[in-house]
Amino acid sequence: MGKNCINVGLKGKGIIFLGALLLLLGVGGIAEAGGENLVTNPGLEIDADGNGIPDKWNLTPINGGVGKMEEEGHEGKFCMVFDCPGGSADCWFIQKITLKTNTDYTLSFWYKTKRDDPWGKSVIFLDKEVALRDALGWTKHVFTMNSGNKTETELQFVLYHRNARFYIDEVKLEDGKE
C-alpha cells in the first residue's frame, strides 16, 4: 500500500457500509414524511349528512360556482369536483388543520381537470398559493413547507373564474419532508 492509503480491514469496511446504509434509509437524518395523516376524511368518501360535501370539509361556492362529490375517485369511489361556468364564479374547498410550530409538512393529493384551461386552479397551504397545471388524467402533486410559528392553517383548493372542471382526491398532510 502507498503512504497515503489507510488499511481499514473488514471491520472498518463494515462500519462504512452500515453508515452508508443508515444514510440511505434516512435513519438519524432529516425527518421524512410519514405517519399520521393530519387531514380528516382525506379520501373524501364520508358524507354522513348526505349534503354532497365530504364531512369535515367546507365548500364556499361564489357567483355560480358548484362543488360536489362524484363517483369518479382516483382509488376510492368518490372525489370532490368543482365546476365554474366562467365569469366571476369561484369554488373554495377548505379544511382547518392544527400544526406544530417550526415543522416541515409534506402535502400530497391527486387532481385532474376536464377542460384544457391552464389557469385558475390552485392549492393554498400556510398562506402560500401554488398554481396547478392542467392534468387531463389523475396526477399526483406533492410539496413540502415549513409551518414557521403557525399552529393552525387552512388547507384550500380553489377554482377561480374559469369555465373549467377540477377534481381532487386522496389528500394527505404529514409532518416531515418527502
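Met145 is buried, since its relative accessible area of 13% is below the cut-off of 20%. This residue belongs to strand β8.

**Surroundings of Met145**

- Leaving aside residues up to four places away in sequence, Met145 touches Thr103, Asp104, Tyr105, Phe125, Leu126 and Lys128.

**The chain and the confidence of the prediction**

- The chain has 1 helix and 10 strands, and its elements run α-β-β-β-β-β-β-β-β-β-β from the N terminus on.
- Of the 178 residues in the chain, 38% are buried.
- Among contacts between residues at least 6 apart in sequence, 73% join residues that are at least 24 apart.
- The mean pLDDT of the chain is 81, and 78% of the residues reach 70 or more.
- Among the elements, β8 has the highest mean pLDDT, at 96, whereas helix α1 (residues 9–25) has the lowest, at 39.
- The pLDDT is below 50 over residues 1–30, a stretch that has 7 contacts in the model beyond near neighbours in sequence.
- Where pLDDT is low, predicted coordinates should not be read in detail.

**The five-stranded sheet**

- An open sheet is formed by 5 strands in the order β2-β3-β10-β5-β8, with antiparallel pairing.
- The edges are taken by β2 (66–70) and β8 (139–146); each has a single partner strand, so one side of each is left without a neighbour in the sheet.
- From one strand to the next, the twist averages 30°.
- Strands β2 and β3 pair in the antiparallel sense over 5 bridges, and Lys68 has Val81 in β3 as its bridge partner.
- Strands β3 and β10 run antiparallel and are joined by 6 bridges; here Phe82 has Phe166 in β10 as its bridge partner.
- Strand β5 (residues 104–113) pairs with strand β10 (residues 163–175) in the antiparallel sense over 8 bridges, and Ser108 stands opposite Lys172 in β10.
- Strand β3 is largely enclosed by the rest of the structure, because 6 of its 7 residues are buried.

**Aromatic rings**

- A pair of aromatic rings is described by the distance of the centres and the angle of the planes.
- The structure holds 9 aromatic pairs.
- The ring centres of Phe82 and Phe93 are 5.6 Å apart and the planes meet at 65°, so this pair is edge-to-face.
- Because Phe82 lies in strand β3 (residues 79–85) and Phe93 in strand β4 (residues 90–98), the pair ties together parts that are 11 residues apart in sequence.
- Phe82 counts as buried, at 0% relative accessibility, and Phe93 is likewise buried, with a relative accessible area of 0%.
- Phe109 and Phe157 also form an edge-to-face pair, at 4.9 Å centre to centre and with 80° between the planes.
- With Phe109 in strand β5 and Phe157 in strand β9 (residues 152–160), this second pair ties together parts that are 48 residues apart in sequence.
- Phe109 is buried, with a relative accessible area of 0%, and the value for Phe157, which is buried too, is 0%.
- Ring pairs link Trp57, Phe82, Phe93, Phe109, Tyr111, Phe157 and Phe166 into a cluster.
- Lys112 lies over the face of another ring, that of Tyr167, at 4.8 Å from the ring centre.

- Leu136 is placed in the loop between β7 (128–131) and β8.
- This residue is exposed, because its relative accessible area of 59% is over the cut-off of 50%.
- Leu136 and Lys114 are 22 residues apart in sequence, while their C-alpha atoms are 5.9 Å apart in space.

Definitions and conventions: Residues numbered from 1 in each chain as written. Predicted model: local features only at pLDDT ≥ 70, side-chain atom pairs only at ≥ 80, totals over all residues. Heavy atoms only, no water. Pairing = 2+ DSSP bridges. Helix = DSSP H or I, 4+ residues; strand = E, 2+ residues; numbered from the N terminus. Axes fitted to C-alpha atoms, helices over the stretch in contact; angles between N-to-C directions. Buried < 20%, exposed > 50% of the residue type's maximum accessible area, 1.4 Å probe, protein only. Phe/Tyr/Trp six-rings, centres within 6.5 Å; stacked < 30°, edge-to-face > 60°. Lys NZ or Arg CZ within 6 Å of the ring centre and 35° of its normal. pLDDT = per-residue confidence, 0-100. Contact = heavy atoms within 4.5 Å.
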